[in-house]
Amino acid sequence: MSSTPLLQGDEYPPGGGLPLLYNLVYCSRATSDVDDAEVERIIRSAKKWNPRNGITGLLVFGGGVFFQWLEGPRDSVIGLMRILQADPRHQSIVSLTETEEVRERMFPDWDMELVSHDDVRDVLTDALGEATDPKNSAALTLLLEQLDSGQLGELSHA
Ligand SMILES: Cc1cc2nc3c(=O)[nH]c(=O)nc-3n(C[C@H](O)[C@H](O)[C@H](O)COP(=O)(O)O)c2cc1C
């Protein structure tokens with residue numbers, strides 16, 4: 001089996017190798033009427049659209065805060081971000097990481113996985129343990145530092 005799964009829209013260099021990947025991680029504040037059922041609706045919609053756009057990642061919801069890891073082709077991620085910015089279910093979107101690099105996907109099997117805020121630290125730590133690509137390790141280390149220093153708001157105090 002290939003260690004670099006072919007996903008919709010990925011740009012592979014001639015002869016194979018790793019794809020050029022756009023990675024955007026952000027935090028936002030959920031609007032007051034957003035509850036778990038609404039988050040389930042968001043996940044259903046994401047699982048429908050993300051595979052068509054080559055987007056993978058995870059979404060954390062807890063303490064009124066969203067945290068989302070998006071990875072995929074640049075145009076897809078930026079296009080989705082435009083839609084997200086207009087979505088009234090959240091506000092105060094703060095970008096934490098935005099990179100475009102030739103590297104492996106961190107979550108190739110997750111169309112959009114809902115992760116409980118109690119588990120976000122474990123998920124990022126496990127991903128760091130499994131990361132073989134130094135650029136992924138660097139991105140995850142930075143996020144764990146932001147989590148531990150309280151920069152991710154309520155998510156830091158799960
Ligand atoms: C925090 C948050 C994360 C979201 N993540 C995604 C996503 O990863 N993919 C996606 O297609 N829509 C996502 N959405 C929903 C979009 O903003 C938009 O509602 C959706 O793409 C419209 O599709 P629908 O008509 O099937 O609901 C998210 C919304 C919120 C509030």
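Colleague: In this predicted model, what makes strand 4 and strand 5 edge strands of the sheet?

Modeller: Five strands form an open, mixed sheet in the order 4-1-3-2-5. Strand 4 and strand 5 (113-116) each pair on one side only, and they are therefore its edges, given that two strands pair when at least two bridges join them. From one strand to the next, the twist averages 15°.

Colleague: How do you know that strand 2 and strand 3 pair, and in which sense?

Modeller: Pairing requires at least two bridges. Strand 2 (residues 56-62) and strand 3 are joined by seven bridges, in the antiparallel sense. Gly 62, for instance, stands opposite Val 65 in strand 3.

Colleague: Which strands does helix 3 touch?

Modeller: Helix 3 (residues 120-130) packs on the sheet and touches strand 2, strand 3 and strand 5. The direction of helix 3 makes about 120° with that of strand 5.

Colleague: How do you know that the span of helix 2 agrees with its number of residues?

Modeller: Helix 2 (residues 74-85) has 12 residues, which should span 16 Å at 1.5 Å a residue. The end C-alpha atoms are 16 Å apart, so the two values agree.

Colleague: Why are the buried residues of helix 2 said to line one face?

Modeller: Under 20% relative accessible area counts as buried, and Ser 76, Val 77, Leu 80, Met 81 and Leu 84 are buried in helix 2. Seen down the helix axis, these buried residues fall within an arc of 130°, so they line one face. They pack against strand 1 (20-30), helix 1 (36-53), strand 3 (65-72) and strand 4 (90-102).

Colleague: Which exposed residues does the face turned away carry?

Modeller: Exposed means over 50%; that face of helix 2 carries the exposed residues Asp 75, Arg 82, Ile 83 and Gln 85.

Definitions and conventions
Residues numbered from 1 in each chain as written. Predicted model: local features only at pLDDT ≥ 70, side-chain atom pairs only at ≥ 80, totals over all residues. Heavy atoms only, no water. Helix = DSSP H or I, 4+ residues; strand = E, 2+ residues; numbered from the N terminus. Expected span 1.5 Å × (residues − 1). Buried < 20%, exposed > 50% of the residue type's maximum accessible area, 1.4 Å probe, protein only. Arc of directions from axis to C-beta. Contact = heavy atoms within 4.5 Å. Axes fitted to C-alpha atoms, helices over the stretch in contact; angles between N-to-C directions.
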